[in-house]
Structures are given as structure tokens and as C-alpha cells.
Amino acid sequence: MGDVLKIYTADEIAGQLQTSYKTVLNLIKRGLLKALPGIRHKRITEAEFNRYLCSGHDHGGGLVSADLK
């Protein structure tokens, strides 16, 4: 079987980062976090979220585990 692509909403990412939804939208706008294209409601892949966490960017909250389970 193929790999399952996990996708999270900007609100779920905000919860994991312990920050606001608006901050996540600002990260996307600044190009620090990449959302899937062409979607009104922002969605972020698990791989992109992990890349962001490993990049060490300051997002206004403490770093959290990349495990979203």
C-alpha cells in the first residue's frame, strides 16, 4: 500500500505551535510555512510542518514535537 498523506488545517497547526490562527496565516504569507495551493481554507502537509519545525524558525511559541498524533 502507498503512503498516506496527512494534511492539517491552519487551526490545527496553531494548536500544535501554541499560537494563534492569525500567526499561522502570517507564517504562510511570509513564506516560512507553505500551504497547499488553490485552497481557500489553508491546509499544510505533515511533511511541510515537520520541515518548518526542524528549520528552527521562531513562531512565538515553544517548539513542539513533530508528532501530531
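Two residues are said to be in contact when heavy atoms of theirs lie within 4.5 Å. The structure described here is a predicted model, in which local features need pLDDT of at least 70 and side-chain atom pairs count only at pLDDT 80 or more, while totals for chains, interfaces and linings use all residues. Residues are numbered from 1 along each chain as its sequence is written, and side-chain values use heavy atoms, with hydrogens and water left out.

The chain contains 3 helices and 2 strands, where helices (H or I, at least four residues) and strands (E, at least two) are DSSP runs numbered from the N terminus. Along the sequence these elements follow the pattern β-α-α-β-α. Of the 69 residues, 26% count as buried; buried means under 20% relative accessible area, exposed over 50%, and partly exposed in between, with a 1.4 Å probe and protein chains only. Among contacts between residues at least 6 apart in sequence, 49% join residues at least 24 apart.

Helix H1 (residues 10–17) packs against helix H2 (residues 21–29) at an angle of about 105 degrees, and their axes are 8 Å apart. Axes are lines fitted to C-alpha atoms, for helices over the stretch in contact, and angles run from 0 to 180 degrees between N-to-C directions. H1 and H2 are therefore roughly perpendicular to each other; angles under 35 degrees count as roughly parallel, over 145 as roughly antiparallel, 65 to 115 as roughly perpendicular and the rest as oblique. In this contact, Ala10, Asp11, Ile13, Ala14 and Leu17 of H1 meet Tyr21, Val24, Leu25 and Leu27 of H2. By class, the contact of H1 with H2 has 8 nonpolar, no polar and 1 charged residues. Here Ala, Val, Leu, Ile, Met, Phe, Trp, Tyr, Cys and Pro count as nonpolar, Asp, Glu, Lys and Arg as charged, and the others, Gly among them, as polar.

The axes of H1 and helix H3 (residues 46–55) come within 12 Å and cross at roughly 30 degrees, which makes H1 roughly parallel to H3. Ile13, Gln16 and Leu17 in H1 meet Phe49, Tyr52 and Leu53 in H3, a contact comprising 5 nonpolar, 1 polar and no charged residues.

Glu48 and Arg51 are 3 residues apart in helix H3 and so are separated by about one helical turn. Glu48 is buried, at 10% relative accessible area, whereas Arg51 is partly exposed, at 35%.
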